[in-house]
Each structure stands twice: as C-alpha cells, then as structure tokens.
Amino acid sequence: MTVEVVVTEDRRSQLLALQETWPHVYTLIDEERALGFDADEDRDDFGAAREGGRGESYVAAQQARPEARITGIRALMDLVGGSAGGDRPVVLDLLGGDGLLHRVCLRPDMPDMTIVTCDASSFMVASAWAAGVPAVRQRAQRQVFRSGSVDGVLLAYGSHHVPEPERQAVADEAWRVLRPGGRFVLHDFAEGSPMATWFQEVVDKESETGHSYAHFTADWMRECLVRSGFRDVTTTWVFDPIVATGTSEQGAQAALGQYLVQMYGLDKLVRAHGEEGASMVAFELACRTFRWEPSTAFDGMQNHVRECVVERLGLSKWQGVLPRFALVAVGEKPGRSGTM
Ligand SMILES: C[S@@+](CC[C@H](N)C(=O)[O-])C[C@H]1O[C@@H](n2cnc3c(N)ncnc32)[C@H](O)[C@@H]1O
C-alpha cells in the first residue's frame, strides 16, 4: 500500500488518516480508547536523538537493509498466521517501529496478511507514516483495538523493553483483542543467550541509551500465556539471523557491522573509531559474541551456522550471516468450533 497523507504526531490526525487510507483497519479501533491514550511519560529509547533516543539510526538501518532479517520475520508470520481464518487475516505487530514487518510482508512470497504496525513511540509511529506505512500509536499493555477484533497478535523484536511487572498485562491485552481461534506469538532473545550477552556487553556500553533489560525465559513466556488463558501453548527456537551483502569479503563484513552500529545505536564506537572503523569493530565484537556452544544446542540448531560467517555467493557478491536464535511462544485463544 502506498500512502501519501502527511501525518503529524497528533493522535487525532493519525486516526483520521487511518480512517481515510485503511478504513477496514480503522473499524477495528475503539476511538475512545485511542483518544484516551496517555501522554508520553516513559523514557523512549526509540525516540529522536535530540530527546535522548536512538530512533533515527534505528530507522536508517531498517530502511537501508529491509531484508536483513527476513528469515526470522517469515518464520514468525508462519507461526502467527497458522490458524487465522478469513480471506486476509489481520495481525497486529505490537512493537512495530517504523513498519519494517509490514513492508517486508508486502513481498509476494510472504504470507498474505494485513500487518498493522503499532508502537508506543510517537517518533516511530510518525516514521512509519512518513515511510508510507499506516501506524497506530498505543502501548502493548493497553491496546486501542476492540475486543475480539483481530486474527493474530505478534510481540517481537523488543519484548524485553516492556517493564517486567507489565508483561502479564501485554499477554492479557493480546487475549482481549484476539478473536477466538486467533494466535498470540511472543518472541524474544532468551536470557543467557549470545544475543542477551550482546545487549549487556556491547549495546549497554556503546549506545547512549544503554540497554539493561531482563530477557524472557521459556518458562516465563509459557507462564504469561497460560495465565492469560491461551491454550496449546508451545515454545520453540527460531533461526533469526541478520544477513548483509557486499561486493567483497570486507565489504560484507563492513555492511554487517554498519547495520549493527545503526540498529543498536553504537554511537560511542563511532566517536572512538570513526564510521568505518566502528563498523569493523562492531563486526569483530559480533563474531566474538555470537558463538552458539554445543551446550546450548536444541533441535534444529544443527541445520544452521552457529557462528558468524562471511561466504562468497558469486563473482562479486559476498554475504555476512550473524546467527541469532530467538525463543518464541505461541498460544491460541480458545473458543473456535465450540471449544470455549
Ligand atoms: C527494536 S524496535 C522493533 C521495531 C520493528 N518491529 C523492527 O523489528 O524493526 C522495538 C519497538 O518497540 C517499541 N516499544 C517498546 N515498548 C513498547 C510498548 N510497551 N508498547 C508498544 N511499543 C513499544 C519501541 O518504541 C520500538 O519501536
């Protein structure tokens, strides 16, 4: 979908724009809840740099390499869409940022779904609209959608940013807005994994925002979903790499490094080493951090690389692969076919 409406950060004008551009999604929104959304009071790591956030560089990474994370995104879409009914299921992307998942899912080889970008950050919601993706401002803990209105809900790529005491409320809200038979998919990079180490030892030290958040465990995910009332709750590991290409081996290393610097806002590395130097340092730090030891093995891991590789694809095409494995819980809201 191409949207030409210029939208401000004002909530009412965003709702009007949504009504004009995406009327069938607008009808799913409870306007009173939407207008009652609390003003910003939390810190916003994904806000503008002038307000202490790392929003601009995060968005720059996604817009420069929208397909860098397509493998994991595809797996999540398959999981969330599994039981969705109707012609074109509506799936809420609760931590939608600037609409990356929406854009990736427009590809013809992706499952046919309407991905609705939602985010708490006014900067991210405005960035999504500016990039042509309609977006809804809400907190995952208190959604603006009507009860029983959507086919799928996804909480991914940042679940650890939800404050620990509020994580159950997110699962409860997912339950509320889902129709019976709809699925909730909860994704995070598990506590104790190389990705959690990356956040703790690299992002926390080298970004202006820091990054000190508790990541989910499988038990914690399961507990949240079961408490909300989801049935058939499973947890699984999903291969969710970052992939970047270049015209030479060093070019692919630099591309991967630059993506990491921008996505995680590693500004202190840039100040210390310059832009190019920071990319290479980030690549080296990633190679050191992303080693999935045999002790952390699980079914399916053996089919994937377990440490950073840069491989030749063609005469002047190289690809860098940073292996990430994410923990994903899936639960279904009971009630379909008289099971409620
Ligand atoms: C790492 S970004 C992910 C963006 C996008 N899904 C992607 O993969 O590029 C995490 C996003 O979650 C948003 N966020 C964090 N806590 C939130 C909450 N409680 N409710 C809604 N959005 C939240 C942030 O504003 C940010 O845009």
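Glutamine 141 puts an N or O atom of its side chain 2.8 Å from a nitrogen atom of the ligand. On its own the ligand has 600 Å² of accessible area, and the protein covers 93% of that. Accessible areas here are Shrake-Rupley values with a 1.4 Å probe, and for residues only the protein chains shown count as cover.

Before going on, the basis. This is a predicted model, in which local features need pLDDT of at least 70 and side-chain atom pairs count only at pLDDT 80 or more, while totals for chains, interfaces and linings use all residues. Residues are numbered from 1 along each chain as its sequence is written, and side-chain values use heavy atoms, with hydrogens and water left out.

Back to the ligand. It is surrounded by 20 residues, and the closest are Tyr58, Arg69, Leu95, Asp119 and Gln141. The ligand takes up the space of the largest pocket. A pocket is found on a 1 Å grid over the protein atoms alone, as an open set of points with protein on both sides within 12 Å along at least five of seven lines; a cavity is a set where a 1.4 Å probe fits but cannot get out, and lining residues have an atom within 4 Å of a point. A molecule sits in one of these if more than half of its atoms lie within 2 Å of its grid points. Two elements give two or more residues to the shell around the ligand: helix 4 (55-64) and helix 6 (100-104). Helices are DSSP runs of H or I with at least four residues, strands are runs of E with at least two, and both are numbered from the N terminus.

Next, tyrosine 58, which is in helix 4. Is tyrosine 58 buried or exposed? Tyrosine 58 counts as buried because its relative accessibility is 12%; the cut-offs are under 20% for buried, over 50% for exposed and partly exposed in between, with a 1.4 Å probe and protein chains only. Its side chain makes a polar contact of 3.4 Å with the side chain of arginine 69. A polar contact is a pair of N or O atoms within 3.5 Å; within protein, one must be able to donate a hydrogen and the other to accept it, and residues adjacent in sequence count only if both atoms are side-chain atoms. Leaving aside neighbours within four places in sequence, tyrosine 58 is in contact (heavy atoms within 4.5 Å) with Phe46, Arg69, Met124, Gln262 and Met263. The C-alpha atom of tyrosine 58 is 9.0 Å from that of tyrosine 259, which is 201 residues away along the chain.

Now glutamine 143. It belongs to the loop between strand 3 (135-137) and strand 4 (150-155). With a relative accessible area of 0%, glutamine 143 is buried. Its side chain and that of glutamine 138 form a polar contact of 3.2 Å. Beyond four places in sequence, the contacts of glutamine 143 include Arg33, Leu92 and Leu94, and also Glu173, Ala174, Arg176 and Val177.

Helix 8 is mostly covered, with eight of its 11 residues buried.

Two backbone angles deserve a mention. Tyrosine 157, in the loop between strand 4 and helix 8 (167-177), has a positive phi of about 60 degrees although it is not a glycine. Tyrosine 157 is buried, at 15% relative accessibility. Aspartate 232, in strand 6 (residues 231-239), also has a positive phi without being a glycine, near 50 degrees. Aspartate 232 is exposed, at 57%.

Last, arginine 107, in the loop between helix 6 and strand 2 (114-119). Arginine 107 is partly exposed, at 26%. Not counting residues up to four places away in sequence, arginine 107 touches Glu67, Ile70 and Arg74. Between the C-alpha atoms of arginine 107 and arginine 222 there are 32 Å, with the two 115 residues apart along the chain.

Note on methods
A residue is near a molecule or strand if one of its heavy atoms lies within 4 Å of it.
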